[in-house]
Amino acid sequence: MLFLALACSSKTAPVAPQAHEPAPVADITGLPSGVEAMTPVLVQDGEGLLLLWQEPGVVLVSAWDDGWSAPETIIEREGLVQNWADFPQLARGNDGALYATWLVSAGGGHFYEVHVGRNEGHGWTELGKLHTDNVQAEHGFVSLLPEGEGVRAWWLDGRDMPGGAPMSFRTALLDGAGAHDERVLDDRVCDCCRTAAVSTPDGPVVFYRDRSDDEVRDIGFQGASSGTLDDGWTIQGCPVNGPVARFGDTIYATWFTGAGDQPRVRASVGLGAPFTVAPATGEAPPLGRSHVVPDDEGAVVVWLDSEGGVNGRRIGDGTVGPATTIGRTDAARKSGFPTTIRVEDDLLAIWTVPGHGLTATRVPLDTFEQTGDVQFQAADRPTLTLADIGTFEGPVLVAAWATWCAPCREELLVLEALHQAGVPVVALNVDTAERSDQVDALVAELALTVSVVKAPDAAEALGLTALPWSGVFDAEGTLVWSESGLLDARGPWLEHVPSDSSTWPVE
């Protein structure tokens with residue numbers, strides 16, 4: 001259920017990004033991470049600051065005190081899951097101990113478990129699994145906050161999915177005895193979006209991407225306050241782009257949406273009506289992956305755009321200021337999610353640059369203006385052709401899928417049936433090259449004879465917001481129809497692919 005959070009597609013030409021004044025930044029040099037580091041997480045720890053990250057086979061932490069301390073190993077073992085979208089978490093418990101979570105492969109493929117560790121100041125002790133089941137399924141996207149004798153954890157739990165049930169959202173308490181008092185908060189949620197928990201004076205509030213029976217994926221929240229932040233984004237797929245929330249003088253929440261087939265970063269102040277943060281007119285379409293830092297004047301939302309910009313914009317109660325570019329990465333999935341935090345009167349941001357590891361910058365918060373002449377309109381998106389993804393003869397139905405996407409498995413069977421019925425169809429796999437063996441294993445498991453093309457860069461080229469995705473390219477290589485979600489074997493794409501539809505399978 002991992003590995004995808006990308007910009008949308010359309011048939012219009014790209015718009016040049018708006019020129020922003022460069023921020024007066026002061027780089028924090030000497031990060032203790034290596035060139036293969038990714039998934040940074042910044043954690044406020046009393047008056048101090050902790051940086052958590054992952055490198056191949058190991059989870060590491062460092063403390064900031066006029067410089068980063070030497071990395072401390074939390075866990076090093078075979079089978080650690082390392083990806084850009086779901087990653088280790090860290091929090092200080094009410095008992096004074098540090099608690100960390102990490103992901104461990106379970107049975108191969110895209111199945112994994114959440115494991116827990118604890119440190120009272122004398123080194124890390126493994127406490128076992130966060131969840132009580134032993135099902136080979138997906139578990140992850142953890143959030144942690146102090147509660148009870150230790151911390152409370154929230155996570156997405158797929159133990160019921162092998163039987164056909166949806167992903168659930170669960171919580172449990174963690175202390176020196178391990179995890180206990182597990183319970184279900186929501187039995188139908190989005191498969192693969194991060195969660196976020198925030199402490200307020202009235203108690204914790206936890207955010208997640210909900211999933212209605214009609215496949216609407218709005219942002220839900222529970223705890224001291226409960227409700228929904230409505231986008232009306234209806235998709236049958238995996239956005240992998242969930243909410244982040246922080247508490248200043250109120251709750252500031254931010255998330256990505258593709259509602260209306262338009263990629264946008266959205267925000268809410270005090271759990272009020274959502275409003276758009278990006279893109280403003282002339283700005284590059286966002287990848288999302290947003291973060292938020294409150295200060296005395298409101299909050300600053302940071303996000304990645306489709307051209308590799310790391311951008312920030314101040315928000316108030318429904319107001320937005322001009323954007324400022326604070327750094328660069330690239331639009332690859334491995335660039336992951338930036339992490340941000342307030343340090344004195346500055347914003348500290350750390351993100352991944354694939355192939356180079358982590359980079360950090362410190363920006364005065366007063367760099368971000370309170371309001372400005374900011375205009376929003378529907379974002380233009382790039383024209384797509386078959387040349388972006390390979391050489392095919394059209395018209396052809398191209399269906400993008402990945403091994404980690406649960407709905408894609410179901411759709412692969414539909415694609416195989418259509419292929420057997422004579423439909424010109426290509427199953428376009430967008431897994432990373434490192435997952436080639438898992439792709440081969442799934443193709444063999446399902447005994448597929450449909451044409452399977454591995455194209456790790458196609459997701460970015462196509463500007464996908466979710467998987468599965470289907471599109472029809474005509475004989476000139478022009479995209480003439482597209483849709484996210486499970487493919488309807490008798491859907492509107494039929495009018496673009498001339499064949500004898502009477503032979504299609506109904507199921």
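## Exercises on salt bridges and cores

The side chains of D213 and R188 form a salt bridge, with an N to O distance of 3.5 Å. This comes from a predicted model, so let's work through it together.

**Exercise 1.** Work out which parts of the chain the pair D213 and R188 ties together, and whether each residue is buried or exposed.

*Solution.*
- Step 1: Place the residues. D213 sits in the loop between strand 14 (203–209) and strand 15 (219–223), while R188 belongs to strand 12 (residues 178–189).
- Step 2: Read the separation. The pair therefore links parts that are 25 residues apart in sequence.
- Step 3: Check accessibility. D213 has a relative accessible area of 67%, so it is exposed; R188, at 18%, falls under the 20% limit for buried.

**Exercise 2.** Describe the salt bridge between K454 and D440 and its surroundings.

*Solution.*
- Step 1: Take the distance, which is 2.7 Å, N to O.
- Step 2: Locate the ends. K454 is in strand 30 (residues 451–454) and D440 in helix 2 (residues 436–445), so parts 14 residues apart in sequence are tied together.
- Step 3: Classify both. K454 is partly exposed at 38% relative accessible area, and D440 is partly exposed at 39%.
- Step 4: Look beyond pairs. Salt bridges with shared partners join D133, D157, R159, D160, R170 and E182 into one network, and the whole structure holds 26 salt bridges.

**Exercise 3.** Find which residues have the most contacts inside the largest nonpolar core.

*Solution.*
- Step 1: Size the core: it has 90 residues.
- Step 2: Pick out the residues with the most contacts inside it: I74, L90, L467 and W493.
- Step 3: Note the second, separate core of 17 residues, including V265, A299, W303 and V374.

Definitions and conventions:
Residues numbered from 1 in each chain as written. Predicted model: local features only at pLDDT ≥ 70, side-chain atom pairs only at ≥ 80, totals over all residues. Heavy atoms only, no water. Core = buried A, V, L, I, M, F, W, Y, C linked by side-chain atoms within 4.5 Å. Buried < 20%, exposed > 50% of the residue type's maximum accessible area, 1.4 Å probe, protein only. Salt bridge = Lys/Arg side-chain N within 4 Å of Asp/Glu carboxyl O. Helix = DSSP H or I, 4+ residues; strand = E, 2+ residues; numbered from the N terminus.
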